Amino acid sequence: MALLDYFRQRKTTGSAAIAKERLQILVAHDRRGGGPSYLPQLKNDLLKVIRKYVAVDNDAVSVNLERDGAQEILELNIVLPD
Amino acid sequence: MARIIVVTSGKGGVGKTTTSAAFAMGLAERGFKTVVIDFDVGLRNLDLIMGCERRVVYDFVNVISGEANVGQAMIKDKRNPNLFILPASQTRDKEALSIDGVGRVLDELAKEFEFIVCDSPAGIEKGATMAMYFADDAIVVTNPEVSSVRDSDRMIGILSSKSRRAEQGLEGIREFLLVTRYSPERVQRGEMLALEDVQDILSLDLIGVIPDSPSVLNASNAGVPVILDRESSAGQAYSDMVSRYLGEDLPHRFLTVEKKGLFGRLFRG
Ligand SMILES: Nc1ncnc2c1ncn2[C@@H]1O[C@H](COP(=O)(O)OP(=O)(O)OP(=O)(O)O)[C@@H](O)[C@H]1O
Ligand SMILES: [Mg+2]
């Protein structure tokens, strides 16, 4: 029994399993691509507009493009100061 | 009409040059007139693996720039009359490769040869994209580890979009997966990605699995393509790969740990 456990343990704790998991995530991310090249500029322009009204940090705006099948979702996140 | 095959990977040091040399020699041995071109301008080493480094006079860049013609630059292999090598330049940089220039040289070679094998440099810059652009077939060389598999996946994306075939609206490049430096022992211990894992992620036609083998270094030390080492597992695996490329349906070998016989166990412990 102990011997059996020993072999089982070796199988599941090997680093190959971790490698595969990391790869699946990496490759899925790579395949989505970094999004259109205008995203950084869009983020900058948004910051300028918002700053006309409130003083915000550079990281107050985050822009993200998600692809879900044929649908693309542009996600905007603006954090306003209290 | 010649067929142009690019041997590519993205990541460096995974076995592209070893594969280009073995594959080209294998095709020549089956009777096909074959030329293998080193696209690694600035870091040439195909001539070393082929064992013809002392016979290099002109190179690929000399031909592109018109300083020599292909006939003067190509080196005829001493072991096989069907095989020629076109070395890269050691001194110029990759910018010396232009689409027009490379295209012209390949067109000229296509009149004389049945297969043109292009040994790509690592990376995704000029030399690599140039080697891919004209290809009809691609062999994506991959080691069973994270960064190599990831880079191969990126190359597959580039192959399908940036090629002459794609631009001319022809059927896309045929892409094949070649897993090299495979160690069944380490896979069994759970330390190395298994073949199925790599295939799961890359989902390309598998053209071969080359075991990690000391005979590869021996062959490169001697300047002999490893496919000529008929005793070695790596040499045999490359030979199988050539057969599969030419349409034979062979089972993959060297995928599992060899069981040590009673003798092995008694005397090697
Ligand atoms: N199947 C194998 N077994 C053992 N060693 C190997 C195997 N394949 C390649 N190697 C070794 O790996 C090293 C790199 O091989 P090679 O030069 O063919 O890679 P490459 O992809 O052409 O590298 P680069 O990206 O620098 O051009 C060499 O030392 C070679 O001997
Ligand atoms: Mg190389």
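**Legends to views of a two-chain predicted model**

View 1. The contact draws 14 residues from chain B and 14 residues from chain A, where contact means heavy atoms within 4.5 Å. The model is predicted, so local features need pLDDT of at least 70 and side-chain atom pairs count only at pLDDT 80 or more, whereas totals for chains, interfaces and linings use all residues. Residues are numbered from 1 along each chain as its sequence is written, chains are lettered from A and ligands numbered from 1 in the order in which they are written, and side-chain values use heavy atoms, with hydrogens and water left out.

**View 2. The fold of chain B.** Chain B contains 13 helices and eight strands; helices (H or I, at least four residues) and strands (E, at least two) are DSSP runs, numbered from the N terminus. The C-alpha trace of chain B spans about 65 × 40 × 35 Å along its principal axes. Of the contacts in chain B with a separation of 6 or more, 74% join residues 24 or more positions apart. Among the 269 residues of chain B, 54% count as buried, that is, under 20% relative accessible area (1.4 Å probe, protein chains only).

**View 3. The surroundings of Asn80(B).** Asn80(B) lies in the loop between strand 3 (75-76) and strand 4 (83-86) of chain B. With a relative accessible area of 10%, Asn80(B) is buried. Residues up to four places away in sequence aside, Asn80(B) touches Met25(B), Ala28(B) and Glu29(B).

**View 4. The elements and surface of chain A.** Chain A has three helices and two strands, which follow the order α-α-α-β-β from the N terminus. Of the 82 residues in chain A, 17% are buried. In chain A, 28% of the contacts with a separation of 6 or more are between residues 24 or more positions apart. Chain A exposes about 6,700 Å², and carbon and sulfur atoms supply 54% of this area; accessible areas come from the Shrake-Rupley method with a 1.4 Å probe, and for residues only the protein chains shown count as cover.

How values were computed
Buried < 20%, exposed > 50% of the residue type's maximum accessible area, 1.4 Å probe, protein only.
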